[in-house]
2 protein chains.
Amino acid sequence: MQILGEMLIGSASIKGKKAPIQAVNPATGELLEPVYAGGSQAEVDQACELAAAAFDIYRETLPEARAAFLEEIADQILALGDDLIVRAMAESGLPRMRLEGERGRTMGQLRMFAGVVRSGNYLDVRIDPAMPDRAPLPRADLRLRNIALGPVAVFGASNFPLAFSVGGGDTASALAGGCPVIVKAHSAHPGTSELVGRAIQAAVAKCGMPEGTFSMLFGSGRDVGATLVAHPTIKAVGFTGSRAGGTALMTIAANRPEPIPVYAEMSSINPVFLMPNALAARGEAIAKGFVGSLAMGAGQFCTNPGLVIAVEGEGLDHFLQVAATELEAVAAQTMLTPGICDAYSKGVDRLKSHTKVTQVGEGQASTDPNRCQAGLYVTTAADFMGDEELCEEIFGASSLVIRCANLDEFKTVAESLEGQLTATLQLDEGDYAAARALVPTLERRAGRILCNGFPTGVEVCQAMVHGGPFPATSDARTTSVGSGAINRFLRPVCYQDFPAELMADAIQDSNPLALRRLVDGQNELA
Amino acid sequence: MQILGEMLIGSASIKGKKAPIQAVNPATGELLEPVYAGGSQAEVDQACELAAAAFDIYRETLPEARAAFLEEIADQILALGDDLIVRAMAESGLPRMRLEGERGRTMGQLRMFAGVVRSGNYLDVRIDPAMPDRAPLPRADLRLRNIALGPVAVFGASNFPLAFSVGGGDTASALAGGCPVIVKAHSAHPGTSELVGRAIQAAVAKCGMPEGTFSMLFGSGRDVGATLVAHPTIKAVGFTGSRAGGTALMTIAANRPEPIPVYAEMSSINPVFLMPNALAARGEAIAKGFVGSLAMGAGQFCTNPGLVIAVEGEGLDHFLQVAATELEAVAAQTMLTPGICDAYSKGVDRLKSHTKVTQVGEGQASTDPNRCQAGLYVTTAADFMGDEELCEEIFGASSLVIRCANLDEFKTVAESLEGQLTATLQLDEGDYAAARALVPTLERRAGRILCNGFPTGVEVCQAMVHGGPFPATSDARTTSVGSGAINRFLRPVCYQDFPAELMADAIQDSNPLALRRLVDGQNELA
């Protein structure tokens with residue numbers, strides 16, 4: 001595949017005419033060719049028109065055809081070969097191993113959703129047979145299936161240029177659900193986006209899907225994205241990025257003549273609670289694990305552990321001592337973009353100059369461009385609570401430890417937090433009683449609760465929840481990782497007294513798709 | 001139970017201090033005692049504080065206890081006896097038989113949700129067991145269950161003073177999901193509301209649920225409702241009513257520091273497509289069935305057939321002739337409130353004075369207060385499309401027939417419509433090909449599609465969808481009737497590497513709740 005600096009509108013590829021974007025190699029600061037001229041209302045309209053034309057056809061593709069299409073996308077991405085990895089390395093500053101792993105994850109997601117499509121659980125088929133003799137009124141024959149919501153706008157994320165970008169989780173789950181996708185590519189990795197976009201375009205053609213099933217637009221600033229979200233054809237939005245960006249899309253979506261759902265994954269500081277028995281018994285190991293999680297990928301994960309809560313005492317002192325030593329060995333890593341690095345530096349400067357915050361330790365510094373110096377800071381529960389500045393996410397390898405006077409303060413701190421993607425407990429058996437008291441609060445605050453692990457590393461599986469109350473996401477009822485992500489792009493339709501000739505396969509008596517169904521209130525497996 | 005003019009805050013009952021409301025008997029115009037002084041911020045705060053305190057306890061009640069509580073509410077409502085029916089008749093103008101039926105429906109809903117709670121499908125349990133030996137990285141043990149969203153604000157509807165009011169579908173599904181409920185009672189039937197509220201209060205006490213599980217507030221105007229929806233404790237809103245009311249709540253909810261979902265069921269004109277073969281073969285029967293559906297309950301149903309689409313010709317002429325004759329026999333029925341009757345009269349006057357609309361027939365008139373005179377009107381597809389006034393719901397027994405030149409115009413008209421709760425096809429075998437072309441459009445436009453029935457009469461069952469794209473509802477992904485309504489009040493939480501000692505019953509290996517689960521990607525029934 002070639003990198004030509006073009007947008008993909010259905011089966012066409014065209015150059016934009018508006019203000020251009022150009023990727024920067026964050027490791028060196030150098031500009032990367034080519035230039036990507038931005039799209040305009042005209043290209044948004046074209047992509048949306050094609051998506052609208054594709055929708056009724058694409059959403060009714062047979063499960064096997066749609067699953068094979070998802071698998072073909074995975075194959076086409078792999079077939080891009082090392083060109084993809086090399087370009088993604090240049091555009092993101094991420095190391096080869098990480099990007100190869102991320103490619104595997106991206107393909108794994110697509111293949112998992114192929115399995116989801118084949119299983120058909122997501123259709124949630126329910127059949128309530130007619131009861132013609134029921135008194136006082138007969139019951140009609142009623143059948144429910146989920147259908148696709150409509151064309152979806154997906155915004156690529158900067159921190160997962162493969163797994164949460166053009167061919168990432170939002171795209172995979174929307175396509176799996178039967179929704180055409182229009183991607184607004186992230187301006188930090190346009191070349192990577194174009195390569196993956198062309199892979200998807202090739203899969204669309206090879207599998208005979210309608211061309212409007214996929215399009216991809218570029219645009220400097222927010223105009224193209226805003227125009228896309230406001231377009232009447234678009235019926236849902238997937239976004240991973242900043243709180244400011246996500247809430248801006250939420251506002252646009254809520255103010256449309258027809259409001260639509262926005263699935264924005266935005267902001268989380270991922271509290272880690274170090275419980276006393278665990279801290280006493282395993283403080284050193286926990287400190288080492290924690291610093292590993294904190295520093296991984298220069299801390300540029302939504303689930304980076306940005307907050308540690310622990311009770312005062314020897315255990316905590318030892319933890320801090322070991323963590324400080326571990327930090328000293330953390331190399332300065334390249335951050336994804338100059339903008340992210342700048343925001344990180346400013347956030348850390350705010351912490352350092354905060355009168356109630358003390359530095360515990362720092363990682364290595366570097367004079368190379370866009371490097372992240374890891375850092376750990378400490379304050380007290382009293383000083384933390386109510387100080388909005390200290391609750392804000394600092395995207396990068398920085399974390400703040402909260403000293404608590406006692407275990408009661410764990411709950412007080414937890415109750416004071418905004419919504420989170422994750423909450424973590426480091427605990428031993430002696431901590432179970434205290435944990436039991438804390439878990440209900442954590443359930444109200446987070447989408448995933450971990451015991452004795454660290455929040456980075458989000459498994460792509462059936463039981464994953466990568467979500468949580470606002471501002472972690474815009475919609476706590478959903479997950480953006482794992483098979484449950486497909487539910488975001490569906491809506492139920494009930495068919496009353498339909499003749500079999502007009503029924504979709506999913507709701508036919510004979511169950512030709514071998515679906516799990518609820519028939520007359522009873523669960524049935526095929 | 002006594003009617004004392006009091007709000008219910010947890011286990012207390014208190015009189016408000018703000019501007020009062022007083023019910024009107026719409027059949028006579030007379031005021032009904034007592035006066036209900038409105039609540040204020042103080043009562044909203046009290047109810048919310050109690051709900052917040054109740055939440056962690058109530059949401060973890062065992063399925064059997066929660067199911068028994070829902071059944072107890074049904075029993076307590078029945079135990080109100082004829083007092084409830086008499087009061088509801090006086091406040092709503094609805095006939096005894098309708099209200100007795102609606103009471104049965106209300107109890108049926110509560111009992112259905114007891115069954116939903118016992119089955120536990122709504123928990124959507126997924127277990128991905130640990131894979132400690134997986135390379136390159138082990139997999140943690142991951143378990144998902146749905147938990148309750150939080151305290152829910154429910155707005156009673158005027159047109160179902162029992163089934164969609166204080167103890168109606170929104171309350172039943174929210175309580176079933178584990179959410180405490182605070183009802184803002186509808187000002188049109190405060191006495192009915194107080195009776196049902198006291199029945200729920202009694203069930204809370206009898207079943208030993210925390211008192212904050214249920215509260216009920218009154219308020220003149222929109223202040224109490226707006227304050228409630230803006231309260232940080234409230235995590236979701238259920239509403240059935242006008243488009244103006246629903247969109248006002250959506251705006252409040254979207255502008256909170258933490259936005260929350262609003263489930264507003266608002267506005268639908270429920271198109272009925274008369275397909276040529278059916279019209280030719282059964283025009284008379286269809287006309288009779290149609291007028292029955294149109295006039296039922298003075299047309300005061302969300303699913304009232306407010307729009308009929310048919311191709312020009314003898315079949316349609318005959319349909320209109322029969323419908324006009326049928327209409328002549330339709331008695332003038334009492335409408336729910338003077339406000340509704342006034343809005344209906346104005347809507348009908350707009351139709352009558354519209355230069356492109358002709359009257360087909362009318363029901364009987366009456367000089368008694370608040371009576372609804374049914375009416376049928378006709379226009380052409382060309383005149384209908386693009387005329388926003390003609391697409392607006394006229395709540396009551398009025399319907400507009402659209403003459404189409406040919407079948408192609410069916411699709412054009414359908415595509416021009418806003419979101420609907422229902423769409424109906426009257427069709428015979430000869431119409432199947434044309435119907436097949438139309439169904440995809442209807443799926444995009446409506447939550448329920450019926451063949452050879454009429455949209456009034458919404459079955460409470462597993463497969464029902466009482467929902468649809470905006471403005472039919474605020475959230476097309478949901479239903480407010482049927483067992484799926486519980487999904488509105490849930491969110492998934494993932495538990496990673498939890499010790500069994502800290503796991504909820506729902507996710508224990510031994511499956512003590514006998515749940516349908518997805519284990520390692522495989523469906524399992526208990």
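## Terms and model

Two strands pair if DSSP finds at least two bridges between them. Strands (E, at least two residues) and helices (H or I, at least four) are DSSP runs, numbered from the N terminus.

This is a predicted model, in which local features need pLDDT of at least 70 and side-chain atom pairs count only at pLDDT 80 or more, while totals for chains, interfaces and linings use all residues. Residues are numbered from 1 along each chain as its sequence is written, and chains are lettered from A in the order in which they are written.

## Sheet across the two chains

β5(A) and β6(A) pair in the antiparallel sense over three bridges. Within this pairing, A:R126 has A:L144 of β6(A) as its bridge partner.

Both strands belong to an open sheet of 12 strands with mixed pairing, ordered β23(A)-β22(A)-β5(A)-β6(A)-β21(A)-β20(B)-β19(B)-β12(B)-β13(B)-β18(B)-β17(B)-β15(B). Its edge strands, each pairing on one side only, are β23 (522–524) of chain A and β15 (358–362) of chain B.

β20(A) pairs in the parallel sense with β21 (residues 490–496) of chain B, over three bridges. There, B:C494 in β21(B) is the bridge partner of A:R448.

## Contacts between the chains

In chain A, 56 residues are in contact with 56 residues of chain B (C-beta atoms, placed from the backbone, within 7 Å). The largest share of the chain A side, seven residues, comes from β21(A). By class, that side has 31 nonpolar, 10 polar and 15 charged residues, where Asp, Glu, Lys and Arg count as charged, Ala, Val, Leu, Ile, Met, Phe, Trp, Tyr, Cys and Pro as nonpolar, and the others, Gly among them, as polar.

How values were computed
Contact = placed C-beta atoms within 7 Å.
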